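Dear colleague,

I am handing over the structure we spoke about, and I would be glad if you could look through it alongside the notes in this message.

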Amino acid sequence: MEFGSITQFLDGKTILVTGGTGFIAKIFVEKILRVQPNVRRLYLLIRAKDAKSVIERLKKEIIGTELFKVLKEKHGSNFDSFIAEKVTAVAGDASYENLEINDHNLREEMLQEIDVVVNLAATTKFYDRYDVALGINTLGARHVINFTKKCAKIQLLLHVSTAYVCGEKAGLIPETPHYMGETLNGRPDLDIDAEKKLVDETLNDLKAKQTPEKEFKEILRDLGAQRAKLYGWPNSYVFTKAMGEMIVGELKGDLPVVIVRPTIVCSTYKEPFPGWIEGIRTIDTATVAYGKGKLIFLLADRSCVHDMIPADMVVNAMIVAMVAHANRSSPMTIYHVGSSFRNPAVFKDMHEMGFQYFTKNPWINREGKPVKVRKGIVIENVFIFQMVLAVWYFIVVKVLELVDVATLHYFHGIIDNFYIKVKTTVKLVEVYKPFLFFKGIFVDQNTEDLRVAARKNGVDENVFYFDPKDLDWEDYFVNFHIPSIVKTLF
């Protein structure tokens, strides 16, 4: 695989980025602007009701974040004019045809100028409403690829998915595509159009019955979970992302397409600075709960490998893949971007790192008191976990309630704390159980081949690094990732 300089490729290019306010999208935009200020233009598709609102979102949620501080320092007083020249915020929505870009002149201008489309539009909630997840993750892929095919100068579509489209498979998981209608449990009747019809009928029925908003959302969330499990996926997020991949593969034709499948994306490793994060990532929910003293025991396999990868490594892999495959109408290539195959992080080690960090750096609660964390109990058997939970709740809590009444509510605060810990534990287990017992290892041979090709083609690995073997997990977690979570999320 031969390709030229990455910065030369980016010089004068016009790139459309969907899902412009997302975590990875922001890091991608910042990186492009920092390494190649001569990029012609970045169009960022952002959901907004009008042109004014989209500009406000651009300034507040993207350019105004701490992520861009290095770029601001580089350009100084010229920063605003630089952004105005290079970045165009576009009001639209990948869930609709033509990406719902209602400004006809702008849309036509984009179709004439765009060289590369990077599809990052997604909802990453595990149990989002099915109409929302299907609309963005699945049908959104169809709308993006249809729009891409209309672009006069198009060189590549880079579609970002997730490695967990594999569901709960165990063993070595290859970088292979999901073909249209293919299911994880072998059911032969998966039809994306039928799923859309089911969603439409459900929506019409709920609206006709004037279903209360809370119940409306719950029914649609449950529908997504049911449809996912019917075909072998653990939740609606990975199910709809898998169907999105099916659509991309089915409709690509001669269009050069790359699919990037990151694993669990964490805070930045090096650029633009270590430890930048936004929002709660998958594993961070447990870290937050543990640091706040809300977790005493957890259901998990201590030997389980948690496949994580810093966000800047994901972005670097995306950029190198983009350059390597531009204008190459070869079979669609899939890249796993993760760490489990080459530098695995094991749950028991992460658990120990969290304990050591919060022991030395306890969180200070609202009362100004440091929260003392215990190592906690990790239970590896589901039945035993359920028994412990039953004892904890029905014996400890119920006995305390009786004592509380007898002592004029002396133990009221302790009981409330117990309730919080039990509810937090149950919720975490319900949502993250597929990850806490995940037995798969993501083979990244295509990604390794890309790394080798990058070296042979003279790519600066200090700038476009994405080798997980470079990671020292203890150093990364203790010195950068956990402190960033504390700073941002506590």
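What follows goes through the findings element by element, and please keep in mind throughout that this is a predicted model.

I begin with strand β1, residues 14–18, which contains L16. With a relative accessibility of 0%, L16 counts as buried, because buried means under 20%. Its C-alpha lies 4.6 Å from that of Y43, although L16 and Y43 are 27 residues apart in sequence. When residues up to four places away in sequence are left aside, L16 touches Y43, L45, L99, M110, I114, V116, V117, V118 and F147.

Helix α5 spans residues 79–86, and its buried residues are F79, F82, I83 and K86. These four lie on the same side of α5, because the arc they cover around the axis is only 95 degrees. The face turned away from that buried side carries D80 and A84, which are exposed. As for what covers the buried residues of α5, the list includes the helices α2 (23–35), α3 (51–63) and α4 (69–75), together with the strands β2 (41–46) and β3 (87–91).

Leaving out residues up to four places away in sequence, the contacts of H143 are with A94, S95, Y96, E97 and L99.

The packing of α7 against helix α8 (residues 192–208) may be of interest to you as geometry: the angle is about 145 degrees and the axes are 11 Å apart, while the crossing is left-handed. On the α7 side the contact is made by Y130, D131, L134, T138, L139 and R142, and on the α8 side by I192, D193, E195, K196, V199 and L203.

Turning to the cysteines, the structure holds 0 disulfides. C166 is in no disulfide, and the cysteine sulfur nearest to it, that of C304, is 12 Å away, whereas a disulfide would require the two sulfur atoms to be within 2.5 Å. C166 counts as buried, because its relative accessibility is 5%, and C151 is likewise buried, with a relative accessible area of 4%.

Most residues other than glycine have a negative phi, and most peptide bonds are trans. Against that background, the peptide bond from E271 to P272 is cis, with omega near -5 degrees, and P272 has its place in the loop between β8 (264–266) and α11 (284–291). E100, which is not a glycine, has a positive phi near 50 degrees; E100 lies in the loop between β3 and α6 (104–113) and, at 32% relative accessibility, counts as partly exposed. Q210, also not a glycine, has a positive phi of about 50 degrees; Q210 lies in the loop between α8 and α9 (213–230) and is exposed, with a relative accessible area of 69%.

With kind regards

Key: Residues are numbered from 1 along each chain as its sequence is written. This is a predicted model: local features need pLDDT of at least 70, side-chain atom pairs count only at pLDDT 80 or more; totals for chains, interfaces and linings use all residues. Side-chain values use heavy atoms; hydrogens and water are left out. Buried means under 20% relative accessible area, exposed over 50%, partly exposed in between (1.4 Å probe, protein chains only). Helices (H or I, at least four residues) and strands (E, at least two) are DSSP runs, numbered from the N terminus. The arc is that of the directions from the helix axis to the C-beta atoms. Contact means heavy atoms within 4.5 Å. Axes are lines fitted to C-alpha atoms, for helices over the stretch in contact, and angles run from 0 to 180 degrees between N-to-C directions. A crossing is left-handed if the near helix is turned anticlockwise from the far one by less than a right angle, and right-handed if clockwise.
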